[in-house]
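Subject: Structure for you to look at

Dear colleague,

I am handing over the structure we spoke of, and my notes on it follow below. Please have it open in a viewer while you read them.

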Amino acid sequence: MSKNFEKKIAVIGLGYIGLPTSIFLANSGYEVIGVDINEKVIQSCKDGKLHIVEPGLQEYFDEALKSKNLSFSLNPEESEIYIICVPTPFKENESNIPEPDISFLESAVSSIKPKLKNNDLIIIESTSPIGTTKHIEKILLKDMASKKIHIAYCPERVLPGNIIEELIHNDRIVGGIDNESTKLAKEFYETVVLGSVYGTDSTTAETSKLVENGFRDLNIAFANELSIFCDTKGINPYELIELANKHPRVNIMKPGIGVGGHCIAVDPWFLISSDPNKTKLSRLSREINIQKSNWALQKIVDNIIDFNKPKIAFLGLAYKPDINDLRESPSEYIALELNRKYEIFCVEPNIDNHHNLKLYNLDDALEKADIVVISVAHKEFLNEDIKKKLLAKRVLDFCGII
Ligand code: SAJ
């Protein structure tokens with residue numbers, strides 16, 4: 001695609017969100033520079049190779065590189081719009097409520113500060129604790145009072161596994177530090193997305209992201225608690241949920257081996273740490289979802305007690321089906337725990353190797369194992385041949401696929 005827009009965009013942070021966003025904006029006609037502090041990431045981007053697995057993204061990337069709208073650098077260059085997509089992890093503390101760590105965000109802002117000109121627009125997309133955009137404003141305005149800089153928060157809302165589609169079609173929420181910032185950020189997103197763009201203040205925009213993922217965590221907690229309850233009563237939870245969901249106003253989510261990923265397993269803590277007394281239900285949901293992984297681990301241990309030297313095939317390490325993302329993955333946690341004591345044959349078709357676990361191909365793992373744990377419903381595990389092979393084994397299915 002040729003260049004449609006005069007403004008140049010710098011995207012800071014080329015991870016699961018920043019890289020697809022850079023590609024999307026370049027394919028929409030903007031001149032984009034993707035910036036990351038990691039030399040390996042910059043080199044692989046320059047070589048046209050993705051360092052994340054996402055369906056359809058490689059072809060979309062090839063298109064962007066062909067357009068010549070997209071370049072990469074270790075350092076930001078002067079631009080008119082800066083979009084910040086760096087991670088905001090959490091840190092443990094004494095109160096047992098993890099707290100958000102915004103140091104990557106602060107250093108990303110420091111790295112663009114020398115490049116800023118009058119009327120530039122900074123957009124923060126990283127999931128952030130409430131009040132972060134105002135905090136960034138203070139840092140920037142400290143010795144830049146002579147320049148007018150616009151700042152807005154616009155949470156990314158894309159689902160890993162369906163990123164391109166959602167970048168194009170999702171509605172967006174933008175909240176500026178003032179009305180002008182909101183207006184400019186809204187106008188910018190309206191040039192590229194097909195969904196609606198809603199303007200608000202920065203605090204409401206920050207909170208919207210946290211409650212979206214909090215809502216999902218809470219609903220998954222209901223399903224996870226229900227699955228444990230069903231186990232004690234001898235009820236099949238998947239059948240129960242399917243039947244209950246026939247009610248026109250009931251939509252129970254799927255129980256699993258726990259909740260992973262960098263969003264739903266993390267964002268509720270941002271909300272909880274900001275006011276523990278007013279977020280008790282969110283905290284309980286987090287605890288139930290964490291507990292579900294420990295329950296699953298115990299269930300596996302109880303099921304191998306009668307083997308002298310049990311051999312366990314463990315299918316899936318990613319945090320959800322058909323991606324290579326292991327962040328906060330409950331499956332990886334359980335596999336690592338089992339690996340301390342037992343012989344375990346891990347199968348993860350979406351990664352080539354793991355720093356701590358030996359990976360096997362599916363046939364070899366099934367051949368060797370006494371017991372098979374289905375931890376993630378990757379598409380490679382869903383065919384009839386595999387199901388037939390599983391008939392001869394003891395199987396613990398935490399995904400409801402057999
Ligand atoms: N899960 C269940 N049962 C379900 C659905 C999910 O146990 O019924 C588990 C998954 O296995 C996984 C975890 O929850 O371990 C999270 O998976 P997910 O697909 O629900 O969500 P994420 O973390 O990949 O992406 C979420 C999305 N948020 C919402 O749907 C509200 C996405 O739109 C956000 O952009 C993303 O978080 C983010 O970056 O915040």
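**A loop residue to begin with**

K68 lies in the loop between helix 3 and strand 3. Please keep in mind throughout that this is a predicted model. The phi angle of K68 is near 65 degrees, which is a positive value in a residue other than glycine, and K68 is exposed, with a relative accessible area of 68%. A positive phi is also found at N119, where the angle is near 75 degrees, again in a residue other than glycine; N119 lies in the loop between helix 4 and strand 7.

**The sheet and the helices on it**

Eight strands form an open sheet with mixed pairing, and their order across the sheet is 3-2-1-4-7-8-9-10. Strand 3 and strand 10 (197-201) stand at the edges, and because each has a single partner strand, one side of each is left without a neighbour in the sheet. From one strand to the next, the twist averages 25 degrees.

Helix 4 (residues 103-112), for its part, lies across strand 1 (8-12), strand 4 (81-84) and strand 7 (121-124), and runs at about 160 degrees to strand 4.

**The nonpolar cores**

Which residues have the most contacts inside the largest nonpolar core? That core has 39 residues, and the ones with the most contacts inside it are L25, I83, I123 and F188. Helix 1 (residues 18-27) gives the most to this core, with five residues. If residues up to four places away in sequence are not counted, L25 touches I9, V11, Y30, V32, I83, F188 and V192. Apart from this core lies another, of 24 residues, among them V35, V86, L105 and L140.

**The aromatic rings**

Counting rings as paired when their centres lie within 6.5 Å, the model has four aromatic pairs. In one of them, the rings of F61 and F72 have their centres 6.1 Å apart and their planes at 85 degrees, which is over 60 degrees, so the pair is edge-to-face. F61 lies in helix 3 (residues 57-67) and F72 in strand 3 (residues 70-73), so this pair ties together parts that are eleven residues apart in sequence. F61 counts as buried, at 0% relative accessibility, and F72 is buried as well, with a relative accessible area of 8%.

F345 and Y360 form an aromatic pair that is likewise edge-to-face, with 4.9 Å from centre to centre and 85 degrees between the planes. This pair links distant parts of the chain, 15 residues apart, since F345 is in strand 12 (residues 343-347) and Y360 is in the loop between strand 12 and helix 13 (362-368). F345 is buried, with a relative accessible area of 3%, whereas Y360 is partly exposed, with a relative accessible area of 21%.

With best wishes

Key: Residues are numbered from 1 along each chain as its sequence is written. This is a predicted model: local features need pLDDT of at least 70, side-chain atom pairs count only at pLDDT 80 or more; totals for chains, interfaces and linings use all residues. Side-chain values use heavy atoms; hydrogens and water are left out. Rings of Phe, Tyr and Trp (its six-membered ring) pair if their centres lie within 6.5 Å; planes under 30 degrees apart count as stacked, over 60 as edge-to-face and the rest as tilted. Helices (H or I, at least four residues) and strands (E, at least two) are DSSP runs, numbered from the N terminus. Buried means under 20% relative accessible area, exposed over 50%, partly exposed in between (1.4 Å probe, protein chains only). A nonpolar core is a set of buried Ala, Val, Leu, Ile, Met, Phe, Trp, Tyr and Cys residues joined through side-chain atoms within 4.5 Å. Contact means heavy atoms within 4.5 Å. Two strands pair if DSSP finds at least two bridges between them. Axes are lines fitted to C-alpha atoms, for helices over the stretch in contact, and angles run from 0 to 180 degrees between N-to-C directions.
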